[in-house]
Amino acid sequence: GTVVEAASENPVQGLINVLGTVLGFNFVVIVGLFLWFLSGVFSLYALDNDTIIIAVKAAFDPFILPLLSTHMGLTFLSY
């Protein structure tokens, strides 16, 4: 048989792979946050309860905005 050595991947390709993985997980979290937002809108208008939308608004600046910014930045860098 022939022994084939695995090609070592260069550091740049390794970084691209890691950032791609982060981008994938980031997308799943953003979809979850969007569903949280939609449930807050539904709760506000259909159930006349503003608790969920207030929690979404409170989490926007410290958590959601940096997450969206990271996702957008990684998406632009991926091209």
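A: **A close look at helix α2**

Helix α2 covers residues 51–77, which makes 27 residues, and from its first C-alpha to its last it reaches 37 Å, close to the 39 Å expected at 1.5 Å a residue. The expected span of a helix is 1.5 Å times one less than its number of residues. Helices (H or I, at least four residues) and strands (E, at least two) are DSSP runs, numbered from the N terminus.

This is a predicted model, in which local features need pLDDT of at least 70, side-chain atom pairs count only at pLDDT 80 or more, and totals for chains, interfaces and linings use all residues. Residues are numbered from 1 along each chain as its sequence is written, and side-chain values use heavy atoms, with hydrogens and water left out.

The protein has two helices and zero strands. Of its 79 residues, 18% are buried. Buried means under 20% relative accessible area, exposed over 50%, and partly exposed in between (1.4 Å probe, protein chains only).

α2 bends by about 75 degrees at Phe60. A proline, Pro62, follows within four residues. The bend at a residue is the angle between axes fitted to the seven residues ending there and the seven starting there.

Next come the buried positions. In α2 these are Ile53, Val56, Ala59, Ile64, Leu67, His71 and Leu74. What covers them includes α1, residues 11–46. Contact here means heavy atoms within 4.5 Å.

Ile53 counts as buried because its relative accessible area is 10%. Leaving aside neighbours within four places in sequence, Ile53 is in contact with Phe37, Gly40, Val41 and Leu44. The C-alpha atoms of Ile53 and Ser39 are separated by 8.0 Å, although these residues are 14 apart along the chain.

Val56, with neighbours within four places in sequence again left aside, is in contact with Trp36, Phe37 and Ile64.

Val56 and Ile64 also belong to the largest nonpolar core, whose six residues are Ile30, Leu33, Val56, Ala59, Ile64 and Leu67. α1 and α2 each supply at least two residues of this core. Its largest share, four residues, comes from α2. A nonpolar core is a set of buried Ala, Val, Leu, Ile, Met, Phe, Trp, Tyr and Cys residues joined through side-chain atoms within 4.5 Å.

Now the partner helix. The 36 residues of α1 should span 52 Å at 1.5 Å a residue, and the end C-alpha atoms of α1 are 52 Å apart, which agrees. Its buried residues are Gly14, Leu23, Asn26, Ile30, Leu33, Gly40 and Ser43. What covers the buried residues of α1 includes α2.

Ser43 lies in α1 and is buried, with a relative accessible area of 4%. Not counting residues up to four places away in sequence, Ser43 touches Asp48, Asn49 and Ile52.

Asp48 lies in the loop between α1 and α2. Asp48 is exposed, since its relative accessible area is 70%. Asp48 has a positive phi of about 55 degrees although it is not a glycine.
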